[in-house]
Amino acid sequence: MKHLVSIRDLDRHSAEELLKLGQEMAQVNERAIKKLPTLRGRTVVNLFYENSTRTRISFEIAATRLSADVINVSADSSSVAKGESLRDTAQTLQALDADCIVIRHTESGAPAQLANMGWISSAIINAGDGTHEHPTQALLDSLTIQQRRGVQLDGLKVLIVGDILHSRVARSNVLLLRLLGADITLAGPETLLPKEFEKLGASVSYNFDDSLGEQPDVVMMLRVQRERMLENFSNSEANYTRDWSLSRTRLQNLSRDCLIMHPGPINRGLEICSEAADDPRSTILQQVKNGVAIRMAVLHRLLAGDS
Ligand code: CP
């Protein structure tokens, strides 16, 4: 594995191996001294063209725990703001000895360009590109499910709800969870859930309450991505909350051991009520914690191979 741009870069075996390594890294993170020497002398650059809290910070912690040198570059405080192209920025980072570039970009396909155009030889990790993919989020989500429900995800019923259209998290999760044998249902309003998502191997539902009636093992709520909406969304917020929010009433209808997931950041009161976000069945903060472990595993696999 040279890059991680998409879940499509993985087959079932390599995905399961990464999750196993992620679990080992989670155990390292429970030690008093959370440090491995693996990437001593290597340089990881976090190149972020879009805001982030969880992904950027957990990549920084992950690389630091593996003893790499870490540089954070935010596009709006770099020469990108003066008009420097992606190619020139990447070649500049490589000249500064970047062994790995972790990139988040507003444009779908930007990480694939860096990986495939031959501009640079650094390893590339996709930290979320436009509405395309967020592979490390999907890996940390699967690791979280494994920790709660056991390593085998075959036949697990996963319901992903909300703004599917704009969600790179949904796309990566469908690809990975299908690879691991889970059954996926996508539920959302027609305007935010194109029928073509069925081609990814998921069922599609336009009624949240009907889908909850199927007693899913996991309900994964998605953030309403107002910043990617072409029209003003505020007029329809009340309708959205009525039809698509994990509300108190819907929370009461979930089974006793149903996992409540959300990649964050959450809009409390819009797609999820506070009671659901803070419920003992919620894995939201466990997902954040696993972000460090899974990113340690990915950096280790790309930069240290099997060693
Ligand atoms: N889940 C996620 O990608 O969060 P951030 O945007 O804070 O990185």
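Which residue takes a positive phi just after α5, and about how many degrees is it?

Analyst: Happy to. It is G150: just after α5, this glycine takes a positive phi of about 100 degrees. Please keep in mind that the model is predicted.

Let's start with the helix itself. Helix α5 covers residues 135–149, which makes 15 residues. From its first C-alpha to its last α5 reaches 21 Å, close to the 21 Å expected at 1.5 Å a residue. Of these 15 residues, 12 are buried, so α5 is largely enclosed by the rest of the structure. The buried ones are P135, T136, Q137, A138, L139, L140, D141, S142, L143, T144, I145 and Q146.

Now step back along the chain. The loop between β4 and α5 holds H134. With a relative accessibility of 4%, H134 counts as buried, because the cut-off for that class is under 20%. The side chain of H134 makes a polar contact of 3.3 Å with the side chain of R104. That brings in strand β3, which spans residues 100–105.

Strands β3 and β4 run parallel and are joined by five bridges. Across this pairing, H105 stands opposite D129 of β4. Between the two strands the chain passes through helix α4 (residues 110–116), and this β-α-β crossover is right-handed. Strand β4 (residues 123–129) has seven of its seven residues buried, so it too is largely enclosed by the rest of the structure.

Surrounding it are S52, T53, R54, T55, R104, H134, Q137, P263 and G264. Q137, one of the buried residues of α5, has a polar side-chain atom 3.1 Å from a nitrogen atom of the ligand. T55 places a polar side-chain atom 2.6 Å from an oxygen atom of the ligand. The protein covers 92% of the 250 Å² of accessible area that the ligand has on its own.

G264, also among the residues around the ligand, is joined to P265 by a cis peptide bond, with omega at about -5 degrees. P265 sits in the loop between β9 (259–261) and α10 (274–277).

Back to your question about phi. Most residues other than glycine have a negative phi, and most peptide bonds are trans. D97 has a phi near 75 degrees and is found in the loop between α3 (86–95) and β3. With a relative accessible area of 54%, D97 is exposed. Q215 has a phi near 55 degrees and lies in the loop between α7 (208–212) and β8 (218–221). At 40% relative accessibility, Q215 counts as partly exposed.

L303 belongs to helix α11 (residues 284–304) and is buried, with a relative accessible area of 10%. L303 and D99 are 204 residues apart in sequence, and their C-alpha atoms are 7.7 Å apart in space.

Terms used
Residues are numbered from 1 along each chain as its sequence is written. This is a predicted model: local features need pLDDT of at least 70, side-chain atom pairs count only at pLDDT 80 or more; totals for chains, interfaces and linings use all residues. Side-chain values use heavy atoms; hydrogens and water are left out. Buried means under 20% relative accessible area, exposed over 50%, partly exposed in between (1.4 Å probe, protein chains only). Helices (H or I, at least four residues) and strands (E, at least two) are DSSP runs, numbered from the N terminus. Two strands pair if DSSP finds at least two bridges between them. A crossover is right-handed if, with the strands pointing away from the viewer, the path from the first strand over the helix to the second runs clockwise. The expected span of a helix is 1.5 Å times one less than its number of residues. A residue is near a molecule or strand if one of its heavy atoms lies within 4 Å of it. A polar contact is a pair of N or O atoms within 3.5 Å; within protein, one must be able to donate a hydrogen and the other to accept it, and residues adjacent in sequence count only if both atoms are side-chain atoms. Accessible areas come from the Shrake-Rupley method with a 1.4 Å probe; for residues, only the protein chains shown count as cover.
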